[in-house]
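Please open the structure in your viewer and keep the selection tool at hand. The tour makes two stops.

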Amino acid sequence: MKLGLIQGRLMRPEDGWIQEFPACWVEEFIKAKSLGFGHIEWIVTERSFKTNPIFFEDCKDYNISSICADNLVSEKFIDQSFLFHNLDPICKAALKNSIDWITIPLLEGSSISDSKVRSTFIPMILGYSDKYPNLNFSFEAETEAENVLELVSLRDNFWITYDTGNITSERINHKDYILKTYHKISNVHLKDRTFDAETVPPLSGDTDFDTIFNTLASVGYDEMYTIQTARGKTGSEVRTMIQHKNIFERLYNAAYSRVI
């Protein structure tokens, strides 16, 4: 199982934020390796954009699976100038640091559920595919399979980050979603949510992880998994992540052992 975590989950939350770039980011990579995590998905947020070390430090020696452009979660994401100033530097930073993947969240303010929004966004993002053909763009879309497939089917370097919690809170059938999109899934964000969009500890929400892992196993999915679960008690981040890691490894092993 190619299991990693979203950046910051092994560290105390920054100023109370659930997901923010951690000040002690080097320490987190050391902790992650010692705990058996294979990668960290780096995050760039609106708050960290001007100071994020991915732009000015050499990060090649760190096991970074992708740069997640959280700074794009805004209704302004379909503005050409906004997209250029917020995405282009991330693409350049990825190339500089030998990172092959960019994760683009299309949720909340940057949702593409509306067809008019998609028709505006798609031509804009195609330009980045053409400008950066050596990068892979993986879209974390909080929407029906057909909507995200309309986008990712247009380019070989367009992919899907399947977020289990987001799909749950959208009340989309997980098995149906996976069977329609698995050929384009490059990363699975592991998160449990309730149907009313509350992120909760694994196995305490409405996300049907048995169906998820059984279906992924049935289609032979063997790419990245990235834990993006609810935070536990502040100060117990390592213990919380070990518990969540053990849960997902158990579910994965049980599902994949049935298809061998």
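At what angle do helix 2 and helix 3 pack, and how far apart are their axes? Select residues 80–96 for helix 2 and residues 115–131 for helix 3: the angle is about 25°, and the axes are 11 Å apart. Helix 2 is therefore roughly parallel to helix 3 (angles under 35 degrees count as such). Their crossing is right-handed.

This is a predicted model, in which local features need pLDDT of at least 70, side-chain atom pairs count only at pLDDT 80 or more, and totals for chains, interfaces and linings use all residues. Residues are numbered from 1 along each chain as its sequence is written, and side-chain values use heavy atoms, with hydrogens and water left out.

Next, display the side chains at this contact (heavy atoms within 4.5 Å). Helix 2 contributes Gln80, Leu83, Phe84, Leu87, Asp88, Cys91 and Lys92, while helix 3 contributes Met124, Ile125, Tyr128 and Lys131. By class, these residues comprise 7 nonpolar, 1 polar and 3 charged.

Now move to the second stop. Select residues 209–218, helix 7, together with residues 237–257, helix 8; the two pack at an angle of about 50°, and 8 Å separates their axes. Helix 7 and helix 8 are therefore oblique to each other. The crossing of helix 7 with helix 8 is right-handed.

Which residues meet here, in helix 7 and in helix 8? From helix 7, highlight Phe209, Asp210, Phe213, Asn214, Leu216 and Ala217; from helix 8, highlight Phe248, Leu251, Tyr252, Ala255 and Tyr256. The contact of helix 7 with helix 8 has 9 nonpolar residues, 1 polar and 1 charged.

Note on methods: Axes fitted to C-alpha atoms, helices over the stretch in contact; angles between N-to-C directions. Helix = DSSP H or I, 4+ residues; strand = E, 2+ residues; numbered from the N terminus. Parallel < 35°, antiparallel > 145°, perpendicular 65-115°, else oblique. Left-handed = near helix turned anticlockwise from the far one by under 90°. Nonpolar A, V, L, I, M, F, W, Y, C, P; charged D, E, K, R; others polar.
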